[in-house]
Amino acid sequence: MLKRKIKWSLLFQDKQELDNLFQLKECVVHKSFVGEFLLVKQGEDYYAFKNKCPHQNKPLEGSRVEGEHLICPWHQYHFSLEDGRGHGLYVEKYPLKFEDEGIYIGQEKWSLF
Ligand code: FES
C-alpha cells in the first residue's frame with residue numbers, strides 16, 4: 001500500500017549560509033538538486049514554498065511579505081505564510097528542519113514502504 005512520507009534533503013550547511021542568501025531581501029529563490037524554492041525570512045522565522053504561483057503558474061520570484069501574507073508579484077494575490085492558502089488556491093509549502101548538521105527541506109513523496 002502506498003504511503004505518503006516526508007523526504008528530508010539537506011539545503012544548507014548552517015544558518016549563516018541560509019542568512020547570506022537574504023542580504024536585505026525577505027524573499028529569495030533558491031535552486032538546488034531537489035527543486036526550486038521561494039525562501040522567505042520574516043524576523044527569525046523561515047518559510048519555504050514551491051517557486052510557482054497557483055494562479056497562473058508564474059514564478060514567485062519578486063514576491064513580498066506583508067504581515068502574515070506572501071504577495072505574488074504578478075497579480076498581487078495574497079497567500080498565508082502559515083499554510084500557503086489564499087484566494088481559494090494553495091501555494092505548495094515545505095517544512096524546514098534546523099539540525100546541528102544543517103538545514104533540511106521536507107518534500108512529501110509516495111512510498112511503498
Ligand atoms: S500569477 Fe500569482 S497572482 Fe497571478
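Student: Why does L112 count as exposed?

Tutor: Its relative accessibility is 56%. Exposed means over 50% relative accessible area, buried under 20%, and partly exposed in between (1.4 Å probe, protein chains only). So L112 counts as exposed.

Tutor: A word on the source. This is a predicted model, where local features need pLDDT of at least 70 and side-chain atom pairs count only at pLDDT 80 or more, while totals for chains, interfaces and linings use all residues. Residues are numbered from 1 along each chain as its sequence is written, and side-chain values use heavy atoms, without hydrogens or water.

Student: Where does L112 lie, and what does it touch?

Tutor: L112 lies in the segment after β12 (102-111). Strands are DSSP runs of E, at least two residues; helices are runs of H or I, at least four; both are numbered from the N terminus. L112 touches M1 and L2, leaving aside residues up to four places away in sequence. Contact means heavy atoms within 4.5 Å.

Student: What makes F22 and Y46 a tilted pair?

Tutor: The structure holds four aromatic pairs. In one of them, F22 and Y46 sit 6.1 Å centre to centre, with 55° between the planes. Rings of Phe, Tyr and Trp (its six-membered ring) pair if their centres lie within 6.5 Å; planes under 30 degrees apart are stacked, over 60 edge-to-face, the rest tilted. So F22 and Y46 pair, and the pair is tilted.

Student: Which parts of the chain does this pair tie together?

Tutor: F22 is in helix α1 (residues 15-22) and Y46 in strand β4 (residues 45-50), so the pair ties together parts 24 residues apart in sequence.

Student: How do you know whether F22 and Y46 are buried or exposed?

Tutor: F22 has a relative accessible area of 2%, so it is buried. Y46 is at 12%, so it is buried too.

Student: What makes F37 and Y94 an edge-to-face pair?

Tutor: Their centres are 5.2 Å apart, with 85° between the planes. F37 is in strand β3 (residues 35-42) and Y94 in strand β10 (residues 93-94), 57 residues apart. F37 and Y94 are buried.

Student: How do you know that K58 sits over the ring of W74?

Tutor: The charged end of K58 is 4.5 Å from the ring centre. The rule asks for NZ of Lys or CZ of Arg within 6 Å of the ring centre and within 35 degrees of the ring normal. K97 lies over the face of Y104, at 5.9 Å from the ring centre.
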